[in-house]
Each structure stands twice: as structure tokens, then as C-alpha cells.
Amino acid sequence: MKNLIVYYSLEGNTEYVAERIKEGIGADVLRLFPKKAYHDKGFAKFFWGGKSAVMAEKPELEAYEVDLSGYDRVIFGFPVWASNFTPPLRTFIEDNKAGLKGREYAAFACQSGAGAEKALAKLAKALDVESFEHTAILIDPKAKHSESTDAQIDEFIERLR
Ligand SMILES: Cc1cc2nc3c(=O)[nH]c(=O)nc-3n(C[C@H](O)[C@H](O)[C@H](O)COP(=O)(O)O)c2cc1C
């Protein structure tokens, strides 16, 4: 099965998981970058990122090349923002509606506390599916790195195989 990981990461936690999955199952990776980068420090980080997520914005993305027809499954990864998935994924889904049709989906979410279940449900809705067969929820897997989070990622990789 050919897998593509599509993810956004502001502070490296989602990137950490995406790289582990890439190694674990031999997936290709597409990291999304908004043209106008989000603030990554202090109050501005939470204010502008939170507002963007709540408003369900679709920020313009840096150019990327992908042929989705070459993949059986797309694995989405994102940090939870205000109990929602991050806006760059919303842009990606909107821009690739036709290419995403017929793919299987899986998803993982990074968070520091709560909201991932809601965010995953919103992502499923945006993709027009009931739910995901495989999901994982990780608590700041890089910033609060621990053996138990790594074990959780390994278990997710095992399920994706
Ligand atoms: C704007 C903003 C909103 C956030 N909202 C939530 C939230 O609702 N629930 C939560 O548990 N963590 C929240 N977080 C924390 C991140 O989801 C968490 O630290 C995640 O691991 C960061 O992933 P990244 O390093 O890939 O960006 C928020 C972070 C930011 C910047």
C-alpha cells in the first residue's frame, strides 16, 4: 500500500511523528507551509493561530507538487488548535477535492491537553467521511518526549502496516 503523509507543524511535534511514521512504513511526506507563516511565540501565537482555526480559515499555501492518484492512503497530521485541525490542512483538502476521492484516510493529532477528538471529527467531516479507521492522539510528542509517547507512535505505525 502506497502512503502519503500530509501534515502541518508549527513547533515540530507533528513533524516528529510524521518522520517516525515515514521511517516506519516507508511513506512519502508532504509538509504544508502557509505563505504567511503563523506566529510561533507568545500571545500572538495563540491569538492569531486560535482565531484562524476558529474562523476555519483557508490560508494560501506555498507551492507544492503532488499526484494523489499515486497513493492508496493519505495520512493527515496536525497540531490541535482551539479543538480544531489546523487551517493549512483545510486549504489542502479544498484544493485537492478531486484527487482525494477514492483514497483511504488515517489521521494523527498532536495536542498539549484536550480537543483532539473534536478536531479529528471535524477533519473527517471536511473529508466527507464518517470517521477514520486509524487515528492516534499524542501529547506534545517532541516537547514532552517520553518512552510512552514513542510506544504510542510505534503502535500507530503497527496498525498502519
Ligand atoms: C494557536 C494554538 C492553539 C492550540 N490549541 C490547543 C487546544 O485546543 N488543545 C490542546 O490540547 N492544545 C492546543 N495547542 C497546543 C498544540 O496543539 C500542541 O502543543 C501541539 O503538540 C503542537 O504541535 P506542533 O509542534 O506540530 O505545532 C494549541 C497551540 C496553538 C499554537
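Modeller: What follows starts at the ligand and then moves out to a few residues of the chain. This is a predicted model, in which local features need pLDDT of at least 70 and side-chain atom pairs count only at pLDDT 80 or more, while totals for chains, interfaces and linings use all residues. Residues are numbered from 1 along each chain as its sequence is written, and side-chain values use heavy atoms, with hydrogens and water left out.

Start with the shell. The ligand is surrounded by 21 residues. The closest are Ser9, Thr14, Gly113, Ala114 and Asp140. By type, the shell holds eight nonpolar, 10 polar and three charged residues. Here Ala, Val, Leu, Ile, Met, Phe, Trp, Tyr, Cys and Pro count as nonpolar, Asp, Glu, Lys and Arg as charged, and the others, Gly among them, as polar.

Now the ligand's own atoms. One of its oxygen atoms is 2.6 Å from a polar backbone atom of glycine 113. A ligand oxygen also lies 2.9 Å from a backbone N or O atom of glutamate 11. Serine 112 uses its side chain instead: a polar atom there lies 3.1 Å from a ligand nitrogen. How much of the ligand does the protein cover? Of the 650 Å² of accessible area that the ligand has on its own, the protein covers 90%. That area comes from the Shrake-Rupley method with a 1.4 Å probe; for residues, only the protein chains shown count as cover.

Next, the place. The ligand sits in the largest pocket. A pocket is found on a 1 Å grid over the protein atoms alone: it is an open set of points with protein on both sides within 12 Å along at least five of seven lines. To sit there, a molecule needs more than half of its atoms within 2 Å of the grid points. Helix 1 (13–25), helix 2 (42–54) and strand 4 (104–111) are the elements that give two or more residues to the shell. Helix 2 gives the most, with four residues. Helices (H or I, at least four residues) and strands (E, at least two) are DSSP runs, numbered from the N terminus.

Go back to serine 9, one of the closest residues. Serine 9 lies in the loop between strand 1 (3–7) and helix 1. Serine 9 counts as buried because its relative accessibility is 5%. Buried means under 20% relative accessible area, exposed over 50%, and partly exposed in between (1.4 Å probe, protein chains only). The serine 9 side chain reaches the backbone nitrogen of glycine 12 at 3.0 Å. A polar atom of that side chain also lies 3.4 Å from the backbone nitrogen of glutamate 15.

Serine 52 is in helix 2. Serine 52 is buried, at a relative accessible area of 1%. Its side chain makes a polar contact of 2.8 Å with that of glutamate 57. A polar contact is a pair of N or O atoms within 3.5 Å; within protein, one must be able to donate a hydrogen and the other to accept it, and residues adjacent in sequence count only if both atoms are side-chain atoms. Alanine 56 lies in the loop between helix 2 and strand 3 (73–79). Alanine 56 has a phi near 50 degrees, a positive value in a residue other than glycine. Its relative accessible area is 31%, so alanine 56 is partly exposed.

Methods. Near = heavy atom within 4 Å. 1 Å grid on protein atoms, 1.4 Å probe; cavity = no way out; pocket = protein on both sides within 12 Å on 5 of 7 lines; lining within 4 Å.
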